[in-house]
Amino acid sequence: MRVLAAMSGGVDSAVAAALAVEAGHDVVGVHMALSRNRDQFRTGSRGCCSIEDAGDARRAADVLGIPYYVWDLSERFEETVVADFLSEYEAGRTPNPCVRCNEHIKFEALLDKATALGFDAVATGHYARVVTRAASAGPDGADGTATRELHRSPNTEKDQSYVLAVMGPDRLARAMFPLGGFASKAEVRAEAERRGLSVSAKPDSYDICFVADGDTRGFLRDRLGSRPGEVRDVEGNVVGEHDGAYAYTVGQRKGLGLGRPAADGRARYVVDVQTSTNTVVVGPAELLSVDRIAGEDAVWFERPGPEPAGSGAWHDAELQIRAHGAPVPVQVRATAGTPARDGSVSGDGVPGLELRLVGTPLRGVAAGQSAVVYRGTQVLGQATVTDAWRG
Amino acid sequence: MSARTSGVREFVDWVIVTTPSPAPDAGAEVPEGAYLDHAATTPMSPAALAAFVAEAGRPGNASSLHSAGRSARRTVEESRESVAAALGARPSEVIFTAGGTEADNLAIKGIFWGRRRTDARRTRVLVSAVEHHAVLDPAFWLAGHAGAEITLLPVDGDGRLDLAALRAELAAHADEVALVSVMWANNEVGTVQPVRDVVRLAHQHGIPVHTDAVQAVGQVEVDFAASGVDAMTVTGHKVGGPVGVGALLARRDLPIEAVLHGGGQERGVRSGTLDMPAIRAFAVALAEAVASHPQRAAQLAALRDALVAGVRRVAPEAVLRGPDPSRFVDGVPARLPANAHFTFPGAEGDSLLYLLDSAGVQASTGSACQAGVPQPSHVLLAMGVPEADARGALRFSLGTTSQAADVDRLVAALPQVVDRARAAGLVSGRALTGGVG
């Protein structure tokens with residue numbers, strides 16, 4: 001196969017490219033330039049976006065003996081990932097830019113361009129497994145079409161199936177995750193070292209790549225401007241001030257800057273971000289507990305049950321609500337639109353999903369987060385949270 | 001791919017036999033196929049390479065006073081005489097540098113500082129809008145650090161300087177202009193500039209003229225004295241010499257300040273130990289290129305014309321940018337004979353470059369890139385090409401090793417390459433207008 005290896009300059013994507021080469025594929029390395037003004041050197045824990053990182057990717061490609069190019073996707077990145085990040089925060093929601101990057105950049109802009117240029121697949125250094133399952137033979141004995149399932153990585157600490165779920169089955173058909181079988185990062189580093197890849201000891205990256213120093217609030221203030229407003233408690237009393245409600249996220253406890261402690265002396269959390277009135281509402285932890293979640297823009301690799309979406313049946317599954325959160329048992333049903341608290345369904349035919357917690361309620365579920373539904377290690381689907389409540 | 005892989009393996013085996021540690025270039029690709037990027041750099045000529053290897057084994061710093069030093073100095077001075085003779089200059093006008101970029105920096109900064117030393121009002125630098133970054137960036141650096149005012153002189157749709165604009169600028173600010181810099185020929189679209197007219201206009205006001213002749217030497221006749229310019233940049237690796245050596249030719253009466261300070265070599269204007277082997281090889285290559293210029297230019301032009309005709313035949317929507325190759329101005333070709341440059345509507349340069357590369361054809365988007373990302377060409381934009389069209393640019397440049405088979409390979413690969421690149425361009429275009437999902 002002709003494979004495009006996306007190479008960030010980090011150790012994971014370098015080893016993924018190496019494995020694709022060793023599997024016998026015809027591999028070309030591509031580094032995506034995602035920022036319009038790239039720094040010369042890598043700083044902090046951002047790991048992909050400086051010119052130094054592009055140079056690291058180039059050296060890895062040299063060592064592997066594969067062609068290497070840089071593709072400028074900065075305009076697209078700004079228009080999708082960064083714009084979505086800003087508008088979601090501005091709307092009082094909590095976006096995950098890595099999910100949006102996989103959705104719009106890696107498995108759309110990059111994948112579509114690669115396909116148009118004649119590539120069969122895009123390989124990345126993500127930790128996730130693709131399991132191909134042959135469909136049962138048809139009545140006439142002919143083989144059915146094989147299906148590709150997305151599964152968690154055996155490396156539970158690094159598992160990235162959560163941020164990949166958004167791509168959906170059509171995109172997964174053209175994706176390749178050569179690190180899928182690796183149980184630890186140490187093994188990946190050892191593989192890099194064994195091949196003489198100088199990035200073997202490069203530190204991990206975990207910050208949002210376009211936010212300097214991990215200062216999300218500072219980034220939002222630079223881009224959205226200061227919008228002073230009030231912090232109120234659930235009774236409506238003003239208990240503090242803020243520079244912009246957009247910078248707060250439901251479930252947040254730190255950085256509220258409230259002078260006086262609550263009357264009952266208990267910790268206060270952000271329980272609501274009301275962008276229409278530019279108000280941040282704080283309250284006790286129990287207000288954060290939810291057991292019902294609604295989601296929009298559902299993407300299914302495999303629907304939770306055999307019946308069509310909207311027929312109302314609940315099915316057992318597990319839910320993961322943030323990138324490194326633990327899965328919790330839920331019941332899920334696929335809906336034909338976006339479900340609301342009153343049981344109605346809205347939306348112009350864009351499917352959604354509804355979840356009800358089976359055990360302990362969840363805390364700090366914010367609109368905008370990705371809800372990913374698993375069954376065991378398999379990703380069934382995902383949706384973007386629109387609402388969460390105590391049912 | 002398989003042919004290259006096996007070639008690499010043989011090379012690696014050989015390296016392992018001769019050196020115990022892995023060779024640094026163990027995975028290096030051996031270029032094969034059609035190399036159509038001679039304007040970026042062209043291979044060293046066999047004579048220049050032989051001269052380089054012979055001199056590189058000899059001891060001697062040309063500034064040393066003992067016999068080895070005198071011997072090195074003699075080689076440098078013979079080379080200087082040879083370079084001067086090839087370019088219509090006097091030996092004392094040749095300042096050796098480590099290439100074209102350094103010579104351009106020395107010209108722009110050195111002349112600016114030299115002129116301002118004698119007249120503090122002279123802060124204006126006039127440069128054409130299509131100069132190489134080695135001229136533009138020092139000029140804008142002076143604007144940011146030394147109070148210079150930069151005027152970008154406009155060009156016409158072929159990339160040729162608008163002389164009326166220069167005349168008007170000189171008439172308005174003659175007392176404030178430090179220097180004028182207009183390249184002899186453009187590196188992207190090959191436009192030969194009216195340097196003699198520039199000199200005539202500037203000298204009416206006593207203003208010195210610098211020209212970057214890096215791309216012109218060996219392709220059109222370049223005579224320093226006859227042109228009347230006060231300073232001229234030339235480089236080794238575009239004429240079959242080594243990378244990392246070049247010269248600024250500068251009239252002896254031109255006020256010029258040093259950029260590199262140190263041992264005081266090269267009239268005190270350019271310090272640093274003279275790179276004798278590179279200078280020697282540069283001189284050899286330059287002499288060859290100039291001596292063989294008439295035949296070489298005719299061969300290059302014939303091959304270039306075949307390339308242009310072939311591209312037009314298989315990709316009729318492609319637009320040739322720059323002057324008509326058959327045009328002459330005052331007996332001089334309007335376009336460098338080795339240059340062809342096209343924009344391909346709906347395609348992006350990086351897609352075209354990748355697809356051609358994988359088909360064994362090596363070309364350039366022609367414009368500057370930042371760590372691998374091609375930027376929309378300032379040259380095309382100055383010529384009035386819309387930015388969307390400028391993104392689909394490819395430059396093909398020929399050299400002495402180019403053959404008809406190289407052009408055939410390009411023409412054979414091009415139809416599928418353009419189709420695919422346009423398909424990819426459609427995907428990108430749709431993505432760009434699709435907005436936030």
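The structure is a predicted model, in which local features need pLDDT of at least 70, side-chain atom pairs count only at pLDDT 80 or more, and totals for chains, interfaces and linings use all residues. Residues are numbered from 1 along each chain as its sequence is written, while chains are lettered from A and ligands numbered from 1 in the order in which they are written.

**Chain A as a whole**

Select chain A and display its secondary structure: eight helices and 21 strands. Helices (H or I, at least four residues) and strands (E, at least two) are DSSP runs, numbered from the N terminus. Chain A has a radius of gyration of 22 Å, close to the 21 Å that the globule rule gives for 391 residues, so it is as compact as a globular protein of that length. This radius is taken over C-alpha atoms, and the globule rule is 2.2 Å times the number of residues to the power 0.38. The C-alpha trace spans about 65 × 60 × 35 Å along its principal axes.

Of the 391 residues in chain A, 47% are buried. A residue is buried if 20 or more other C-beta atoms lie within 10 Å of its own, exposed if 12 or fewer, and partly exposed in between, with C-beta atoms placed from the backbone. Among the contacts in chain A with a separation of 6 or more, 63% join residues 24 or more positions apart. Two residues are in contact if their C-beta atoms, placed from the backbone, lie within 7 Å.

**The domains of chain A**

Next, colour chain A as domain 1 (2-213), domain 2 (226-287) and domain 3 (291-389); such bounds come from an automatic or database domain assignment. The centres of domain 1 and domain 3 of chain A, taken over C-alpha atoms, are separated by 26 Å. Their contact takes 17 residues from domain 1 of chain A and 15 residues from domain 3 of chain A.

On the domain 1 side of this contact, select β6 (147-152), α5 (161-164) and α6 (168-172) of chain A, each of which supplies at least two residues. The largest share, four residues, comes from β6(A). This side of domain 1 of chain A divides into eight nonpolar, five polar and four charged residues. Here Ala, Val, Leu, Ile, Met, Phe, Trp, Tyr, Cys and Pro count as nonpolar, Asp, Glu, Lys and Arg as charged, and the others, Gly among them, as polar.

**Helix α1 of chain A**

Select residues 11-22 of chain A, which form helix α1. Its 12 residues reach 16 Å from the first C-alpha to the last, close to the 16 Å expected at 1.5 Å a residue; the expected span is 1.5 Å times one less than the number of residues. α1(A) is mostly covered, with 11 of its 12 residues buried. After the helix comes Gly24(A), whose phi is positive, near 95°.

**Strand β8 of chain A and its partners**

Move to β8 (residues 229-233) of chain A, which is joined by four bridges to the antiparallel strand β9 (residues 238-242) of chain A. Two strands pair if DSSP finds at least two bridges between them. Arg232(A) has Val238(A) in β9(A) as its bridge partner. β8(A) and β9(A) form a hairpin with four residues between them, and Gly236(A) in the turn has a positive phi of about 100°. β8(A) also pairs, in the parallel sense and over four bridges, with β11 (residues 279-283) of chain A; there Glu230(A) stands opposite Thr279(A).

**Glu296 of chain A**

Centre the view on Glu296(A), in strand β13 (residues 292-300) of chain A. Glu296(A) counts as buried because it has 20 C-beta neighbours inside 10 Å. Beyond its neighbours within four places in sequence, Glu296(A) is in contact with residues including Thr338(A), Gly347(A) and Ala383(A).

**Chain B**

Finally, select domain 1 (47-289) and domain 2 (293-428) of chain B. Their contact takes 23 residues from domain 1 of chain B and 26 residues from domain 2 of chain B. Helix α4(B) is mostly covered, with 15 of its 19 residues buried.

The last stop is an open sheet of three strands in chain B, in the order β9-β12-β16 with antiparallel pairing. Its edge strands are β9 (319-320) and β16 (393-397) of chain B, each pairing on one side only. Val319(B) stands opposite Thr343(B) in β12(B).
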